[in-house]
Amino acid sequence: MNTSTSTFVRTEMLPEQAPPLTEAGAVKWVRENLFSSILNGILTVLGIVVVAYLVIGIAPWLSRSVWNAGSLSECRQIIADRWGEGVTGACWAVIRERWPQYLFGFYPSHLYWRPVLAFVLLCVAVAPVLFDRLPRKMLWFSLIYPAVGFWLLWGGSVWVPVMAVAGFAIGYAAVKVVQPVAGTILATIAAVLAPVLWWLFLAGPAADALQSILPIALQGVRSREFGGFILAFTIGFTGIAFSLPLGVMLALGRQSDMFIVNKLSVGFIEFIRGVPLITLLFTASLLLNYFLPPGTDFDIILRVIIMVVLFAAAYIAEVVRGGLAALPRGQYEAADALGLDYWKAQRLIIMPQALKISIPGIVSTFIGLFKDTTLVVFVGLLDPLKGITDAVRASTDWKGIYWEPYIFVGAIFFLFCFGMSRYSMYLESKLKTDHR
Amino acid sequence: MAVVTEEPKAGFRLGMLIYDTRYRSITIQIVVLMLVMLGVAWLIDNLLSNLAALGRGIDFGFLWNRAGYDINQTLVEYTNDSTHARATLVGLLNTLLIAFLGCIAATVVGVIAGVLRLSNNWVIARLMTVYVEIFRNIPLLLWILMIYTIFTEAFPAPNAFRGDTPAASMVMFDTVAFTNRYTAIPWPMFDRSLGWLPLGPLWLNLDLAAIVAALVGGFLLNRFILRRATRIQEATGDRPTTWWQCTLALFGPIFLVLLALGTHLDSPSLQGFNFTGGLQVSNSLVALWLALTLYTAAFIAEIVRAGINAISRGQSEAAFALGLRPGRTMNLIILPQALRVIIPPLISQYLNLTKNSSLAIAVGYMDLRGTLGGITLNQTGRGLEAMMLLMLIYLIVSLLISSAMNVYNNSVKLKER
């Protein structure tokens, strides 16, 4: 073998070398994510300065928190004793002391178990709607929950909500009786007409009669005694529950070929979307009496809920209309080709897809609705943000306390709104059927 | 094979109104119309009988009575001897002012936040996410109250700026002072002011008109120069240098007008216990403006982010492959497509901001709701008329904003051929 002509061939692999210091680990990450260019470097420094400024401003105040005190002056005394004169600290004692008021407003204190029970049952009722792994039988409870919740919150005779629910049973019975005799359309008319007649003329006397025979009643609570988070939740959840179906109906009306239905829907939606919610709430509190028969006294929370429902429904209608418009024309034509009638096509083909597209918009409308429940303070109801906080501040003990109530109420709202938006993301990814 | 076609039965039966698709929609519409009209008639009947019971009718005459209350911030001349109609006008202008300022600031902040949220800078992207999520998920009312409280509680009184070692100091090179009652800012003053031109109930500020005219003129001139450059480029292939012409066209007229008017900035200064000079903006306006801006900007940031995300990566890659520089890629490829996605939801955010400005009630800023829907309503007791007028005005403002923005939307819309 001639050594002079043989080429050098390495027979073993070189050991792996560590990457350059700037291309590995934390240094690489910092280079790529924080200082990839001059502008990025400046932004990073600015961002860190802003965060540091906020933390330095707030952290000492937060770290000097007092949880047990009877008044603001006592709170300040404790802070001065513990951390020296002249320093400021957070006085969360106001939340601790006024906790029931923040939750229940001026609801009678010996009846607190009722809103608590109503809230627990609400969770039970909402769970099967949100998570489809739960048994479907639970939906029956969800259906009767509005009556249960109403009775627990407002009290009064049990027969009032029972008779209200009976209206639906009567409607169902009307369909069962009329349909074999007179066909679907007359049955539908009967199903609408019979419960309405029942609620208008018979439900009240029937409830009174049953109450006199079998008196079961809870102590009544007036709407003006509601306040704090039960008020926000009552208005918020009722609004959410009722605005979705109404919004879908309005969207269908707006997409309809029927001239009059279409124009009525458009007019309603554009009117509601064109005025601020506050003016609608004022209308509900000041002007509704002008439009009702003389002598009618209408519950203020109910009025507010109606306005909130109408308001949110108009927005949902626009969101759902967007979903309907995004569906390819072929879906409608396919439904027609299968011979489905309008409602079957909507129920089986159009709506499942349109609603799926509209989920983000619908949920952000719901979040907006929940946040807007704070506006009821302007019609004299005690919302947790301004109504209750002003009431707390009106007492001599807590005069001059500002930040703690705002931070507390803001945190609760954030928790629920953020939760809703995360749930909508979960729902979107769960319902996703395209393969991208 | 014989085809048996059954002759359609002639004549019209009542059942066809329901079972025949040709007539069914008409039946449904007539029924709906009748129900709606019945409902409306019922409401109007109730209204009339209620009004009759109260012994009054619908009368807008109260608008011409003396208002008798003061408004702390007015854009047009107003005293407490003016009429309620005048107070309504003042309120409307205040609403439009806050809406205008808020829309501009929210757009700027929102676009910056939305773009930064997409940045590959870890710190900035996280920071913007936190900002957007916090502001989106907490009621606007809380932000308004909180910022207003910061102004009234955390800022010093004007007299804290006094003395040799004052407890408080002005910011921005001694030109802006935040106090617990107002914010004093510098304001342009004109030595050779053109005065006012009376136009019916409104007075036109000729200085402002001249400045606006100069701005618009400069803008139009700039557009003309750019169009001409494009025309020459299309004809000859060479684009003439335009940057100095454009700069001159944009800034020249306004500079000349400001010079001719003898403009100088009047900075606030402390005289005794209070600031004089400059402009004192009430804290209610500043707090409301800041809160509306930050709140709406969080929504706009999400819209901008979604709009940019909606443009597929292939578009920018194709632009780079064509040899376009990043700036031109943004201007010519990404932005025109992203705007198409961004504009429609942006319109509804502007509308929301305008409507949300009615929360001014929380901080005592006298907007339309504070004057017409507040003091006027309470003083005259004409709730029905005042609320109807209030809703009508809001409706008109909303429709005007949305139609103006729709015109713009149509100009950037995808032109399909």
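**Chain A's build and a helix pair in chain B**

Q: What share of the contacts in chain A with a separation of 6 or more comes from residues 24 or more positions apart?
A: This is a predicted model, where local features need pLDDT of at least 70, side-chain atom pairs need 80 or more, and totals for chains, interfaces and linings use all residues. Residues are numbered from 1 along each chain as its sequence is written, with chains lettered from A and ligands numbered from 1 in written order. Two residues touch if their C-beta atoms, placed from the backbone, lie within 7 Å. On that count, the share for chain A is 70%.

Q: What is the radius of gyration of chain A?
A: The radius is taken over C-alpha atoms, and the globule rule is 2.2 Å times the number of residues to the power 0.38. A compact globule of 436 residues would come out near 22 Å, but chain A has 30 Å.

Q: How much of chain A is buried?
A: Buried means 20 or more other C-beta atoms within 10 Å of a residue's own, again placed from the backbone. Of the 436 residues in chain A, the buried part is 31%.

Q: Why do α3(B) and α10(B) count as oblique?
A: Axes are lines fitted to C-alpha atoms over the stretch in contact, with angles from 0 to 180 degrees between N-to-C directions. Under 35 degrees is roughly parallel, over 145 roughly antiparallel, 65 to 115 roughly perpendicular, and the rest oblique. Helix α3 (residues 84–117) and helix α10 (residues 326–356) of chain B pack with axes 9 Å apart, at an angle of about 140°. The pair is therefore oblique.

How values were computed: Helices (H or I, at least four residues) and strands (E, at least two) are DSSP runs, numbered from the N terminus. A residue is buried if 20 or more other C-beta atoms lie within 10 Å of its own, exposed if 12 or fewer, and partly exposed in between; C-beta atoms are placed from the backbone.
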